[in-house]
Amino acid sequence: MDETLNLRVLTFNAWGVPLFATDRTARFEAIGRAIKDLEPDLVGLQEAWTAADRATLLQNLAGSGLNYRHYFRSGVQGSGLLVLSRYPLAEVDFRRFRLTSRPQNLLTQPELLGGKGIALARLETPLGFLDLYNLHTIAQYRPDERDIYRVHRAASVYECARFVAGHSGGQRPAIVLGDFNMRPDQLPYGLLMDLLPLTDCWASLHPSDQGATYAATNPYTGSEGGPDKRLDYMFVQDGPGQHLHPVKSEIVLKETDLPPASDFPVPRPKSFSDHYGLLTHLTLSPAEASGPSAQPGLRQDALAREALQKLLFTLEQGLAEAQGRRKGHLSSAIAATIGGFGRLRATRGSKAGLAKLGLATGAVLLRAWVALQAGQALLSLPEEIQAFQALSEEVKILLTRTQP
């Protein structure tokens with residue numbers, strides 16, 4: 001019996017945001033065909049939000065051998081996370097991130113509807129169980145110094161580390177992939193690498209190559225995409241008696257990979273997505289012949305302690321900022337309510353038809369504004385504040401277990 005299993009693993013953000021993403025039908029048809037040509041054994045897709053897009057994709061994957069599929073449902077629209085595999089699914093699980101967005105930004109940044117989180121698909125391979133994790137964190141809409149979601153993203157990566165450690169640490173080999181929306185020089189990346197015994201597949205094979213998966217040259221990002229960034233990753237972690245080793249990793253599903261125009265419905269897409277894909281060749285083999293097995297759980301050394309201290313500081317900043325926003329919304333609601341009483345009295349004392357109508361309309365709008373501000377202060381923000389507090393308390397407990 002061959003004691004080495006060769007795996008071709010793909011991660012790809014398909015950019016299937018309803019209403020916002022363009023050329024979705026044509027792109028998902030092209031993505032299905034292209035994935036079939038790549039002949040992967042395992043696939044983790046992000047932003048496969050709608051049932052129609054997933055159906056188009058799967059229709060064009062017919063005959064690919066990726067016969068085992070699971071879509072992870074969460075939130076209003078679903079998580080957007082889809083796993084495809086040549087190997088049977090033995091178990092699935094999902095953890096929704098506690099900090100995914102700001103409710104007041106729902107119309108312009110509808111991340112909250114997606115129910116983002118981390119998904120687990122436990123696969124039954126010829127060499128035993130293998131855990132495949134697929135995740136998608138909140139996007140960075142602004143430059144670093146104005147990134148209002150930096151704390152949310154760090155918290156999500158921390159939850160990712162806890163989830164992986166709890167399900168796979170010291171028990172099974174694992175692949176952790178997805179659109180992390182982070183760069184290697186940012187806190188979430190360091191946090192993940194310091195808390196888990198992971199190997200960054202791209203960095204281990206291409207130490208001098210940035211490996212940008214979000215590029216300014218992509219027709220769907222253009223100049224608005226800013227400088228090239230590596231946002232999509234694939235990490236591996238050993239299991240007891242087994243070793244996962246990256247052999248080759250390449251950027252795929254670029255606009256230059258598109259087949260001839262005649263293969264597309266009209267309009268022909270400019271690229272597969274606003275991201276590029278990452279395809280990695282892995283070998284799964286006995287650990288005694290290849291390397292040590294994974295440590296159980298989260299690391300508890302000095303590096304882990306330093307990472308947790310940085311996270312705690314960041315969470316406390318986020319908590320203070322959220323509490324400030326809640327106070328601001330509450331103050332706005334109170335001020336608008338006081339102003340509304342004056343407008344109401346003016347409406348009752350006015351005899352001119354148009355003037356009275358204008359004042360009445362203003363009073364209605366003012367009430368709506370009060371309701372919005374009060375709703376943010378009393379309903380939406382308390383949940384965000386509770387999440388900050390809960391995560392901070394968890395990290396404080398973990399710090400008591402790490403070495404000083």
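Here is a short tour, stop by stop, from the whole chain down to single residues.

**Before you click**

What you have open is a predicted model, where local features need pLDDT of at least 70, side-chain atom pairs count only at pLDDT 80 or more, and totals for chains, interfaces and linings use all residues. Residues are numbered from 1 along each chain as its sequence is written, and side-chain values use heavy atoms, with hydrogens and water left out.

**Stop 1: the whole chain**

Start with the cartoon: the chain has 8 helices and 12 strands (DSSP runs numbered from the N terminus, with helices being H or I of at least four residues and strands E of at least two). Of its 404 residues, 52% are buried (buried is under 20% relative accessible area, exposed over 50%, partly exposed in between, with a 1.4 Å probe and protein chains only). Among contacts with a separation of 6 or more, 76% are between residues 24 or more positions apart (a contact is heavy atoms within 4.5 Å).

**Stop 2: Gly80**

Now select Gly80, in the loop between strand 3 (68-72) and strand 4. Is Gly80 buried or exposed? Gly80 is buried, at a relative accessible area of 0%. Leaving aside residues up to four places away in sequence, Gly80 touches Leu45, Gln46, Glu47, Ala48, Trp49, Tyr71 and Phe72.

**Stop 3: salt bridges**

The structure holds 16 salt bridges (a side-chain nitrogen of Lys or Arg within 4 Å of a carboxyl oxygen of Asp or Glu). Let's visit a few.

Pick Arg86 and Asp41, whose closest N and O atoms are 3.1 Å apart in a salt bridge. Arg86 is in the loop between strand 4 (81-85) and strand 5 (89-96), and Asp41 in the loop between helix 1 (24-38) and strand 2 (42-46), so this pair ties together parts 45 residues apart in sequence. Arg86 is partly exposed at 29% relative accessible area, while Asp41 is buried at 12%.

Next, show Arg98 and Glu159, another salt bridge, with 3.0 Å between the closest N and O atoms. Here Arg98 comes from the loop between strand 5 and strand 6 (117-125) and Glu159 from helix 3 (residues 150-167), 61 residues apart. Arg98 is partly exposed, with a relative accessible area of 32%; Glu159 is buried, with 1%.

Then select Asp131 and Arg122, a salt bridge of 2.7 Å, N to O. Both ends are tucked away: Asp131 is buried at 0%, and Arg122 is buried at 9%. To see a network, select Arg95, Arg98, Glu159, Arg162 and Glu394, which are joined by salt bridges that share partners.

**Stop 4: the cavity**

Which residues line the largest cavity? Select Leu195, Leu298, Arg299, Gln300, Leu308, Leu398, Arg401 and Thr402. A cavity is a set of points, on a 1 Å grid over the protein atoms alone, where a 1.4 Å probe fits but cannot get out; lining residues have an atom within 4 Å of a point. The volume is about 40 Å³, the space filled by probe spheres set on the points, with grid points joined across faces, edges and corners. Colour the lining by class to see 4 nonpolar, 2 polar and 2 charged residues (Ala, Val, Leu, Ile, Met, Phe, Trp, Tyr, Cys and Pro count as nonpolar, Asp, Glu, Lys and Arg as charged, and the others, Gly among them, as polar).

Note on methods: On a 1 Å grid over the protein atoms alone, a cavity is a set of points where a 1.4 Å probe fits but cannot get out, and a pocket is an open set with protein on both sides within 12 Å along at least five of seven lines; lining residues have an atom within 4 Å of a point.
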